[in-house]
Amino acid sequence: MGTLVGYQLKDSVATITMDDGKVNAVSVQLLTELGAALDRAAADSAVVLLEGRQGVFSAGFDLKVLAAGGEGALAMVRGGFELAERLLSFPTPVVAACTGHAVAMGAFLLLSADYRVGAAGPYRLVANEVALGITMPFAAVEILRQRLTPACFTRAVLLAETFSPDDGVAAGFLDRVVEPARVSDVARETAEALTALNMRAHAATKARARRQTLEAIRAGIAEELGPGASWPPA
């Protein structure tokens, strides 16, 4: 579909694969291609299976752009959280195949899926903003809050704690952990099973269940990343 994102539709499951050949840095280009893939999945009324490349789901925002600051960084950060909000409110189920590391914005995208299958192994699940000297964005706080247990939410947000895939299940980063070779297959089996849901009821129920979270995320984006904002924030 693009140079960074692949799209394959089969049996009402749209597999969207991120692969930049490196660490799947969340760049403006990746965000643009992911948005186009989600447009296509919506048009196909398909369950979404979002997966990374071997060893990494996503290592987060493009650090060179982020460090440069200015309008480019602001647009990238805003686009990342707008994409997370879209995943959280997507009208069909979203399954994530976490093929390895999920760091910062990569973890936020993972936490925005409805069901997450992770690869066992020495992989990091971490929101490391505080460790990097970045105040956790409002939208990120709400994304973490809606999936992590209260104790792990505090450890993840305030202390930048790194979780392993196994620990990530108890914390709320993942729903299931399997051997790396099985991640894609298990995630696909899950997505295929979810095609049996009534999608109208799913979409309406998702909107109700996540209403407060989505409102808080949208408000955070508008306040911190909207017109007149700057990056890094003051």
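This is a predicted model: local features need pLDDT of at least 70, side-chain atom pairs count only at pLDDT 80 or more; totals for chains, interfaces and linings use all residues.
Trainee: What makes strand S1 and strand S9 the edge strands of the six-stranded sheet?

Mentor: The open sheet runs in the order S1-S2-S3-S5-S7-S9, with mixed pairing. Strand S1 (5–10) and strand S9 (176–178) each pair on one side only, and these are the edge strands. From one strand to the next, the twist averages 20 degrees.

Trainee: How do you know that S7 and S9 count as paired?

Mentor: Two strands pair if at least two bridges are found between them, and strand S7 (residues 115–119) and S9 have three bridges, in the parallel sense. Within this pairing, Val117 stands opposite Arg176 in S9.

Trainee: Which helix packs on this sheet, and which strands does the helix touch?

Mentor: Helix H1 (residues 28–43) packs there, touching S1, strand S2 (13–18) and strand S3 (47–51), and the direction of H1 makes about 10 degrees with that of S1.

Trainee: What makes S4 and S8 edge strands in the three-stranded sheet?

Mentor: That open sheet has the order S4-S6-S8 with parallel pairing. S4 and strand S8 (125–126) each have a single partner strand, so one side of each is left without a neighbour in the sheet. S4 and strand S6 (residues 100–103) are paired in the parallel sense over three bridges, and Gly55 stands opposite Gly100 in S6.

Trainee: Why is H3 called roughly antiparallel to H10?

Mentor: The axes of helix H3 (residues 70–88) and helix H10 (residues 211–225) cross at roughly 170 degrees and come within 10 Å. Angles over 145 degrees count as roughly antiparallel, and the crossing therefore makes H3 roughly antiparallel to H10.

Trainee: Which residues meet where H3 and H10 are in contact?

Mentor: From H3 come Leu74, Val77, Arg78, Phe81, Glu82, Glu85 and Leu88, and these meet Leu214, Ile217, Arg218, Ile221 and Leu225 in H10. The residues of this contact divide into eight nonpolar, no polar and four charged.

Trainee: How do you know whether Phe61 and Phe81 are buried or exposed?

Mentor: Buried means under 20% relative accessible area. Phe61, at 10% relative accessibility, counts as buried, and Phe81, at 1%, counts as buried as well. Ring pairs link Phe61, Phe81 and Phe108 into a cluster.

Trainee: Why is the pair of Phe163 and Phe173 called tilted?

Mentor: Planes under 30 degrees apart count as stacked and those over 60 as edge-to-face, while the rest count as tilted. The rings of Phe163 and Phe173 have planes at 45 degrees and centres 5.3 Å apart, so the pair is tilted. Phe163 is in the loop between helix H6 (150–159) and helix H7 (165–171), and Phe173 is in the loop between H7 and S9, ten residues apart. Both Phe163 and Phe173 are buried.

Trainee: What is to be said of phi in Ser45, and what makes Ser45 exposed?

Mentor: Phi of Ser45 is near 50 degrees, a positive value in a residue other than glycine. Ser45 sits in the loop between H1 and S3. Exposed means over 50% relative accessible area, so Ser45, at 53%, counts as exposed.

Trainee: How do you know that Ala160 is buried?

Mentor: The limit for buried is under 20%, and Ala160 has a relative accessible area of 14%, so Ala160 is buried. Ala160 lies in the loop between H6 and H7 and has a positive phi of about 55 degrees although it is not a glycine.

Trainee: Why does Glu142 count as buried?

Mentor: Glu142 is at 18% relative accessibility, and buried means under 20%, so Glu142 counts as buried. Glu142 is found in helix H5 (residues 138–145). Leaving aside its neighbours within four places in sequence, Glu142 is in contact with Thr213, Ala216 and Ile217.

Key:
Residues are numbered from 1 along each chain as its sequence is written. Side-chain values use heavy atoms; hydrogens and water are left out. Helices (H or I, at least four residues) and strands (E, at least two) are DSSP runs, numbered from the N terminus. Axes are lines fitted to C-alpha atoms, for helices over the stretch in contact, and angles run from 0 to 180 degrees between N-to-C directions. Contact means heavy atoms within 4.5 Å. Angles under 35 degrees count as roughly parallel, over 145 as roughly antiparallel, 65 to 115 as roughly perpendicular and the rest as oblique. Ala, Val, Leu, Ile, Met, Phe, Trp, Tyr, Cys and Pro count as nonpolar, Asp, Glu, Lys and Arg as charged, and the others, Gly among them, as polar. Buried means under 20% relative accessible area, exposed over 50%, partly exposed in between (1.4 Å probe, protein chains only). Rings of Phe, Tyr and Trp (its six-membered ring) pair if their centres lie within 6.5 Å; planes under 30 degrees apart count as stacked, over 60 as edge-to-face and the rest as tilted.
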